[in-house]
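Subject: Handover of a structure

Hello,

Here is the structure I said I would pass on. Please look through it first; my notes on what was found follow below.

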Amino acid sequence: MQLELRHLEAVCRIAEAGSLGRAAARLGVSQPALSAQLRRIERVAGGELFTRGRHGVDPTPLGEFVLSKARRVLGEMDALAAGARAVAPHPTLRLGCILLVLVDRLIGRLEQEFAGQEIEVDIEHSVTTLTRLLAAGRYDAVVYGEVADHEVPLPEGVAARTLVPKEPFCVRMSAAHPLAGRDRIDLADLAGETWMTMVEDDDGGPEALVDACAKAGFTPKLRYRIADRKMHYDLIAAGRAISVSQPTAPPAEGTVLRPLAGDPVTGRIRLAWNRAAVSERRAGLLYRAAGLAYLDNVPTNAFHRIWWESRPELHPALD
């Protein structure tokens with residue numbers, strides 16, 4: 001693992017809050033998730049960054065060093081984004097997204113809705129990074145996901161709108177898997193499997209998967225965290241892992257997508273924008289483009305099309 005800006009931000013928030021619990025609340029993640037992330041950061045840094053006591057946490061000498069560098073890096077990145085926007089204002093719409101399935105169709109829909117408008121689209125692997133860059137002016141708007149009850153904290157001056165309030169995650173497995181022939185799979189039947197971990201670890205997804213598996217009577221064996229889609233699919237096709245997936249995901253050779261009985265893990269998709277940079281009219285066009293991009297993918301898998309069509313209350317309001 002390499003340290004990323006979101007890791008530096010987590011370290012800074014822990015120091016500012018003085019406790020993992022308060023820092024977790026400010027970052028919008030669970031305390032166990034933040035503790036696990038801190039352990040990963042400490043392994044990369046080469047030692048403990050904080051000492052834990054009855055009254056909270058205090059930085060170690062190594063922690064003080066990392067904090068000083070982290071604050072400088074984050075400050076410089078924010079200044080760079082804000083300065084570039086002030087010095088070279090331009091009409092380009094800058095959109096940041098996590099790796100949602102709808103992104104594949106979103107660019108075409110944006111070109112239709114924003115005819116003649118220059119548009120930049122970047123992909124991030126962290127919701128925390130997306131919202132920080134939105135606050136810093138690097139992005140005008142962001143499209144992101146939240147899993148289960150997780151709520152992403154948004155910076156001041158930002159408005160948000162839910163695009164898809166609920167979608168049930170399904171499972172992707174090898175076409176040769178013994179359960180691949182089933183129309184629907186019980187999560188408990190996957191107890192012995194090796195799982196891909198979710199690419200985003202700060203949207204509530206990993207905690208939701210672990211919690212759902214615990215309710216099904218087992219702890220998932222999480223082994224791979226791979227953002228490259230081809231490698232991800234190849235490992236699954238080879239029978240080396242399974243993964244949870246959005247139900248609108250495309251087919252991949254050697255794999256199948258199957259719904260999970262009872263919808264044990266669900267997510268939602270949201271759009272947020274900087275009110276100072278995006279007018280209500282343009283925000284409406286963004287919402288429409290993202291909604292149409294999602295709808296383009298609904299027919300991809302018959303099981304989700306049936307699920308979706310039976311729940312009109314979840315459909316984005318595009319009129």
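What covers the buried residues of H10? The cover includes strand E6 (158-168) and H9. Please keep in mind that this is a predicted model.

Helix H10

The buried residues of this helix are His 304, Trp 307 and Trp 308. They sit on the same side of H10, because the arc they cover around the axis is only 95°. As background, an α-helix has 3.6 residues a turn, so residues three or four places apart point the same way. The face of H10 turned away from the buried side carries Ile 306 and Glu 309, which are exposed.

Aromatic rings

A pair of aromatic rings is described by the distance of the centres and the angle of the planes. The count here comes to 1 aromatic pair.

Another ring has a charged neighbour: Arg 161 lies over the face of Tyr 287, at 3.5 Å from the ring centre.

Cavities

How many cavities of 30 Å³ or more does the structure hold? There are 2. The second largest cavity has a volume of about 120 Å³. Its lining is made up of 11 residues, and those nearest the centre are Val 29, Leu 34, Gln 37, Thr 128 and Asp 202. Helix H1 (5-17) and helix H3 (31-45) are the elements that give two or more residues to this lining. H3 supplies the largest share, 4 residues.

Backbone angles

Two loop residues are worth a look. Ala 148 has a positive phi of about 55°, although it is not a glycine. Ala 148 is in the loop between strand E5 (141-147) and E6. With a relative accessible area of 30%, Ala 148 is partly exposed. Asp 263, also a residue other than glycine, has a positive phi near 50°. Asp 263 is placed in the loop between strand E11 (255-259) and strand E12 (266-274).

Regards

Note on methods:
Residues are numbered from 1 along each chain as its sequence is written. This is a predicted model: local features need pLDDT of at least 70, side-chain atom pairs count only at pLDDT 80 or more; totals for chains, interfaces and linings use all residues. Side-chain values use heavy atoms; hydrogens and water are left out. Rings of Phe, Tyr and Trp (its six-membered ring) pair if their centres lie within 6.5 Å; planes under 30 degrees apart count as stacked, over 60 as edge-to-face and the rest as tilted. A charge sits over a ring if NZ of Lys or CZ of Arg is within 6 Å of the ring centre and within 35 degrees of the ring normal. Buried means under 20% relative accessible area, exposed over 50%, partly exposed in between (1.4 Å probe, protein chains only). The arc is that of the directions from the helix axis to the C-beta atoms. Contact means heavy atoms within 4.5 Å. On a 1 Å grid over the protein atoms alone, a cavity is a set of points where a 1.4 Å probe fits but cannot get out, and a pocket is an open set with protein on both sides within 12 Å along at least five of seven lines; lining residues have an atom within 4 Å of a point. Grid points are joined across faces, edges and corners, and a volume is the space filled by probe spheres set on the points.
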